[in-house]
Amino acid sequence: MSHPLAGKPVEVELSGRVIPVHGILIETGPDILVIRNESRYYYVPIVHVQQLKPGDPEDVSDTPCEPPFEPQSEPISYRKVLLNAKGMFSELFITGSQTIHGYVTSVMNDYFVFYSPVYHSVVISLDHLKYLVPYPPQSTPYGLSPEQFPLKPSPVSLSRTFEQQVRKLIGEFVVLDLGEQPHKIGVLKGLDGGMLAIANASGQTVYIHFNHVKTIHLP
């Protein structure tokens, strides 16, 4: 059954993002919304939608453009979007005030790996992606040539779950949540009782609830 706002301008407020997403509601799935504004298609996991309401037509352009993925007969889903986006230059919003740009390289049980020219291989919990915007075909980050920015697999072997993957990095110098806060950069000491221990720059061990860890990568 289609959404009552399908085909109409909408405004979407997302958790962790100050500025709403504006566009035309193109499609809905059991766990994802698709919103188009000009040539940008926003794939938004529903779990992070705080409010969806009618938008101002002046805030969006309804110029038709080709969707980034081939139409499919089955309903769209979050996992299918990630699988279809593999190897395609995309923009992600996860946390803070910045987006990151690069490629989805692997999709596992409850996380995926994203390769960025800035952060390299980033392990991202499926629970914390706010939106994904694929770029047009043949686009590359920052105007880099394919030779300058080849698609690279993760340098570490991948586990099935996010927790198992994080445990593999115990003893390594890591960056959590893209380094948005200084205490989230340091040596990963352990993961026990749902709390992740990390030694920060001063050598002090701080504890972070694992469910709030959005991303982890090696600098």
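**Group meeting: a walk through one predicted chain**

I'll start with charge. The chain carries 16 positive and 21 negative side chains, and the centres of these two sets lie 7 Å apart. Please keep in mind that this is a predicted model.

Now the overall build. The chain has two helices and 15 strands. Its radius of gyration is 18 Å, close to the 17 Å that the globule rule gives for 219 residues, so the chain is as compact as a globular protein of that length. Along the principal axes, the C-alpha atoms fill a box of roughly 55 × 40 × 30 Å.

What about the inside and the surface? Of the 219 residues, 46% are buried. The chain exposes about 11,300 Å², and carbon and sulfur atoms supply 53% of that area. As for contacts, take those between residues at least 6 apart in sequence: 55% of them join residues at least 24 apart.

Next, the aromatic rings. The count comes to seven aromatic pairs. One of them is formed by phenylalanine 89 and tyrosine 135, which are stacked, at 4.3 Å centre to centre and with 25 degrees between the planes. Which parts of the chain does this pair tie together? Phenylalanine 89 lies in the loop between helix H1 (78–85) and strand S6 (90–93), and tyrosine 135 lies in the loop between strand S10 (131–134) and helix H2 (162–167), so the pair links parts that are 46 residues apart in sequence. Phenylalanine 89 is buried, with a relative accessible area of 7%. Tyrosine 135, at 22% relative accessibility, counts as partly exposed.

Last, two backbone details. Glutamate 38 is not a glycine, yet it has a positive phi of about 55 degrees. Where does glutamate 38 sit? It is in the loop between strand S3 (32–37) and strand S4 (40–45). With 48% relative accessibility, glutamate 38 counts as partly exposed.

Leucine 178, another residue other than glycine, has a positive phi as well, near 60 degrees. Leucine 178 is placed in the loop between strand S11 (173–176) and strand S12 (185–192). Is leucine 178 buried or exposed? Leucine 178 is buried, since its relative accessible area is 16% and buried means under 20%.

That is the tour.

Conventions. Residues numbered from 1 in each chain as written. Predicted model: local features only at pLDDT ≥ 70, side-chain atom pairs only at ≥ 80, totals over all residues. Heavy atoms only, no water. Helix = DSSP H or I, 4+ residues; strand = E, 2+ residues; numbered from the N terminus. Rg over C-alpha atoms; globule rule 2.2 N^0.38 Å. Buried < 20%, exposed > 50% of the residue type's maximum accessible area, 1.4 Å probe, protein only. Contact = heavy atoms within 4.5 Å. Areas by Shrake-Rupley, 256 points an atom, 1.4 Å probe, with all protein chains shown as cover. Lys, Arg positive; Asp, Glu negative; His and termini not counted. Charge placed at Lys NZ, Arg CZ, Asp CG, Glu CD. Phe/Tyr/Trp six-rings, centres within 6.5 Å; stacked < 30°, edge-to-face > 60°.
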